[in-house]
Amino acid sequence: TCINNVENLALVPWIMRHGAPAFAALGTEKSKGTKVFALTGKIARGGLIEVPMGITIRQIVEDIGGGVANGRKFKAVQIGGPSGGCIPAELGDTSVDYESLRNVGAIMGSGGLVVMDDRDCMVDIARYFLQFTQAESCGKCTFCRVGTQRMLEILTKLCKGEASRDDLNRLEELCNFVSRGSLCGLGQTAPNPVVTTLRYFRHEYEAHLKGQCPAGQCKALIKYQVTDTCIGCTRCAQECPVNAIPITPYQKHEIDTAICTRCDVCRRICPANSIIVTSPATMSTATVGGR
């Protein structure tokens, strides 16, 4: 079978020059050779990489990518492009080959490898990738055309804190229907980001049902507060793009939450680290996230 894939065709000269046994010596027993990945996300060194089959996810992230950027905690990777699965850091020793990735819910796919840290919301990540595959649906089969749209609506409701337990149950049902009833690979694999985040990060879905975003990323579920360590320098007020912070020199600043767009500018530029992200559902003053 001739597959008109540039990645496969690019290997032909090397195999002809070095021989098939040399190529087959790379990789695992069932997954031979190498694989090209686009390493991106919250990683110190991103870029296009070529690795032997059988290397582990952790080796790619830590040895090749230099670990998670900015000293944050490695949380998960999304492997396989928009239809790939989200694999938690706890499974970082999983071998990168076709069989092992399939067993944990991911695919080799187009070779995308997105690294996520502890500030990423996995519900929002699932929504983001499904948004792409839903837009790419050709519309021929109802399961893909309508099913992905309904799934996206539920994920959007979750990110806004408006979803119910019935919505979550319906989301799981739709994942099954869309993957089994779609005619082509796009529809069959579109639910992967949702299925894997439900499997490995279900606690985050449960938190969203309560109106909380543990990672502090869903704008409808967070608010910004100024703590008592504020020095009244007015930098946040000067930089706020919507004037949600009145300029009050040498006084503790206040953020008008009705105007605030959660752009995160104030928190990032505050020299005293006096601005925190909190959950309105709990009114907690503990930091729950940041960008």
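Axes here are lines fitted to C-alpha atoms, for helices over the stretch in contact, and the angles between N-to-C directions run from 0 to 180 degrees. Helices (H or I, at least four residues) and strands (E, at least two) are DSSP runs, numbered from the N terminus. This is a predicted model, in which local features need pLDDT of at least 70 and side-chain atom pairs count only at pLDDT 80 or more, while totals for chains, interfaces and linings use all residues. Residues are numbered from 1 along each chain as its sequence is written, and side-chain values use heavy atoms, with hydrogens and water left out.

## The chain as a whole

Let's start with the overall picture. The chain holds 12 helices and 7 strands. Its C-alpha atoms fill a box of roughly 75 × 40 × 30 Å along the principal axes. Of its 291 residues, 46% count as buried; buried means under 20% relative accessible area, exposed over 50%, and partly exposed in between (1.4 Å probe, protein chains only). Among contacts (heavy atoms within 4.5 Å) with a separation of 6 or more, 63% join residues 24 or more positions apart.

## The sheet

Strands of a sheet pair through backbone hydrogen bonds, either parallel or antiparallel. In this model, 5 strands form an open sheet in the order 2-1-5-3-4, with mixed pairing; two strands pair if DSSP finds at least two bridges between them. Strand 2 (47-52) and strand 4 (85-88) are at the edges with a single partner strand each, so one side of each has no neighbour in the sheet. On average, neighbouring strands of this sheet are turned by 30° against each other, direction ignored.

Strand 3 (residues 74-79) pairs with strand 4 in the antiparallel sense over 4 bridges, and Gln78 stands opposite Cys86 of strand 4. The hairpin of these two strands has 5 residues between them, and there Gly80 takes a positive phi near 115°. In a regular strand the side chains alternate between the two faces of the sheet. Both faces of strand 4 are covered, with Gly85 and Ile87 buried on one side and Cys86 and Pro88 buried on the other. Helix 9 (residues 192-200) lies across strand 3 and strand 4, running at about 25° to strand 4.

## Helices against helices

Helix 9 also packs against helix 5, at an angle of about 170° and with the axes 8 Å apart. That makes helix 5 roughly antiparallel to helix 9; angles under 35 degrees count as roughly parallel, over 145 as roughly antiparallel, 65 to 115 as roughly perpendicular and the rest as oblique. Met122, Ala126, Phe129 and Leu130 of helix 5 meet Pro193, Val194 and Thr197 of helix 9. By class, these residues are 6 nonpolar, 1 polar and no charged, where Ala, Val, Leu, Ile, Met, Phe, Trp, Tyr, Cys and Pro count as nonpolar, Asp, Glu, Lys and Arg as charged, and the others, Gly among them, as polar.

The axes of helix 6 (residues 142-159) and helix 10 (residues 202-209) come within 8 Å and cross at roughly 70°. Helix 6 and helix 10 are therefore roughly perpendicular to each other. Leu155, Leu158 and Cys159 of helix 6 make the contact with Tyr205, His208 and Leu209 of helix 10. This contact has 5 nonpolar residues, 1 polar and no charged.

Arg127 lies in helix 5 (residues 122-136). Leaving out residues up to four places away in sequence, Arg127 touches Leu152, Leu155, Thr156 and Cys159. Between Arg127 and Glu173 there are 16 Å, C-alpha to C-alpha, and they are 46 residues apart in sequence.

Phe129 forms an edge-to-face aromatic pair with Tyr128, at 5.2 Å centre to centre and 80° between the planes. Rings of Phe, Tyr and Trp (its six-membered ring) pair if their centres lie within 6.5 Å; planes under 30 degrees apart count as stacked, over 60 as edge-to-face and the rest as tilted.

Asn243 has a positive phi near 55°, and Arg262 has one of about 60°.

| Residue | Relative accessible area | Class |
|---|---|---|
| Arg127 | 19% | buried |
| Phe129 | 10% | buried |
| Asn243 | 59% | exposed |
| Arg262 | 17% | buried |
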